[in-house]
Amino acid sequence: MALSPSVFPQESEKNNANCVETKQSQTASIASEDPLQNLCLASQEVLHKAQRSGRSRCLQCGSSRMFYCYTCCVPVENVPTEQIPLVQLPLKIDIIKHPNETDGKSTAVHAKLLAPDSVSIYTYPCIPEYEGKDHEVVLVFPGPQSISIKEVSFHLQRRIESKGRSKTDDLDRPPCQLKRAKVEEGCDLNESLCKGPALKRVVFIDSTWSQTNQIASDERLRELLQVELKTRKTCFWRHQKGKPDTFLSTIEAIYYFLVDYHSDMLKEKYKGQYDNLLFFYSFMYRLIKNAKGSGEKTKPKLIH
């Protein structure tokens, strides 16, 4: 029986559309199941081997740990340091850890392990000196006064401008003399503002959310601009009940801040430069997820 020539093309188009829709649906489903699937990561085979062999000794303190020593912030004996990626960061990172935060449950140590030259961890009440540096340091913490990363440059510029105007010598000079003086010093105020301030350091709080306010309200941090990552959602396996999914774990907050900083402040296309900050985190996420999915009642071996 002869068929109309228009039948096959119509059915073909319909099938293609259904196929595309099905693939998109599958992709969305996979992404929702594993939000970390598209990271550009170094090989995690070293972690797979360590997970199969079990705990190992910390070469510094001798403690038995899985993957790394959270006290010394170094990989354990069966995780060779040369097989762990090193991440170059554009900013210095300070992590203020609450004294009651359990070291073995904290993700802050991931940052120190993977970017040791850029990350420092302090135990509260020990806090670095930020006085006089509030134009180049921000605190990542949600709150009524928090701003987005896109607003950081503007607000830091305002602070630089305010500091310049507060100088008594400058207030006594006519504007034309002030500008001439700045040029002679090789630091034109207007030119400096046009280039934008250089954010140099970012502060994060490592604590359970019920304990964070004690640190965030400390007078040594009170003057810093607060930045909130409002559009990012956590996939942390220890997410605290009653808290929104925008409340991130420490390593998530560091990673997402740097990704947004790269795009919104440096105005450069992000190409995975900081993805290895989630080297340990993504491995643990999948290990725990697989353990839950297989119906295991015992905790995964990664627990320190």
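**Close-up views of a predicted model**

**View 1. Leu 277 and its neighbours.** Leaving aside residues up to four places away in sequence, Leu 277 touches Val 87, Leu 89, His 110, Leu 114, Ala 115, Ile 251, Ile 254, Tyr 255 and Leu 258. Keep in mind as you explore that this model is predicted. Leu 277 also belongs to the largest nonpolar core, a set of 62 residues, where Leu 277, Leu 199 and Phe 257 are those with the most contacts inside the core. Which helix gives this core its largest share? Helix H9, residues 250-264, does, with nine residues. The core lies between domain 1 (41-82) and domain 2 (85-161 + 197-229 + 243-295), because both give residues to it. Another core, of 15 residues, lies apart from the largest one and includes Ile 127, Val 137, Leu 139 and Leu 224.

**View 2. Strand E7 and its two partners.** Follow strand E7, residues 137-140, and you will see Val 137 and Leu 139 point one way while Val 138 and Val 140 point the other way; all are buried. Strand E8, residues 201-206, runs parallel to E7, and four bridges join the two. In this pairing, Leu 139 stands opposite Val 203 of E8. E7 also pairs with strand E9, residues 225-227, again in the parallel sense, over three bridges. Here Val 140 stands opposite Val 227 of E9.

**View 3. The two sides of helix H2.** Which residues of helix H2 (residues 45-53) are buried? They are Val 46, Leu 47, Ala 50 and Gln 51. Looking down the axis of H2, you find these buried residues within an arc of 135 degrees, so they line one face of the helix. On the face of H2 turned away from the buried side sit the exposed residues Lys 49, Arg 52 and Ser 53. Just after H2 comes Gly 54, with a positive phi of about 90 degrees.

**View 4. Two aromatic rings meet.** How is a pair of aromatic rings described? By the distance of the centres and the angle of the planes. For Phe 67 and Phe 283, the ring centres are 5.5 Å apart and the planes are at 85 degrees, so this pair is edge-to-face. The pair links distant parts of the chain, 216 residues apart: Phe 67 is in the loop between strand E2 (64-65) and strand E3 (68-69), while Phe 283 is in helix H10. Phe 67 has a relative accessible area of 1% and is buried. Phe 283 counts as buried too, at 6% relative accessibility.

View 5. Is Lys 269 buried or exposed? Lys 269 counts as exposed, because its relative accessibility is 67% and the cut-off for exposed is over 50%. You will find Lys 269 in the loop between H9 and helix H10 (279-293). From C-alpha to C-alpha, Lys 269 and Val 259 are 9.5 Å apart in space, and they are 10 residues apart in sequence.

**View 6. Stepping back to the chain.** The protein chain has 10 helices and nine strands. Of its 304 residues, 43% are buried.

Notes. Residues are numbered from 1 along each chain as its sequence is written. This is a predicted model: local features need pLDDT of at least 70, side-chain atom pairs count only at pLDDT 80 or more; totals for chains, interfaces and linings use all residues. Side-chain values use heavy atoms; hydrogens and water are left out. A nonpolar core is a set of buried Ala, Val, Leu, Ile, Met, Phe, Trp, Tyr and Cys residues joined through side-chain atoms within 4.5 Å. Buried means under 20% relative accessible area, exposed over 50%, partly exposed in between (1.4 Å probe, protein chains only). Domain bounds come from an automatic or database domain assignment. Contact means heavy atoms within 4.5 Å. The arc is that of the directions from the helix axis to the C-beta atoms. Rings of Phe, Tyr and Trp (its six-membered ring) pair if their centres lie within 6.5 Å; planes under 30 degrees apart count as stacked, over 60 as edge-to-face and the rest as tilted. Two strands pair if DSSP finds at least two bridges between them.
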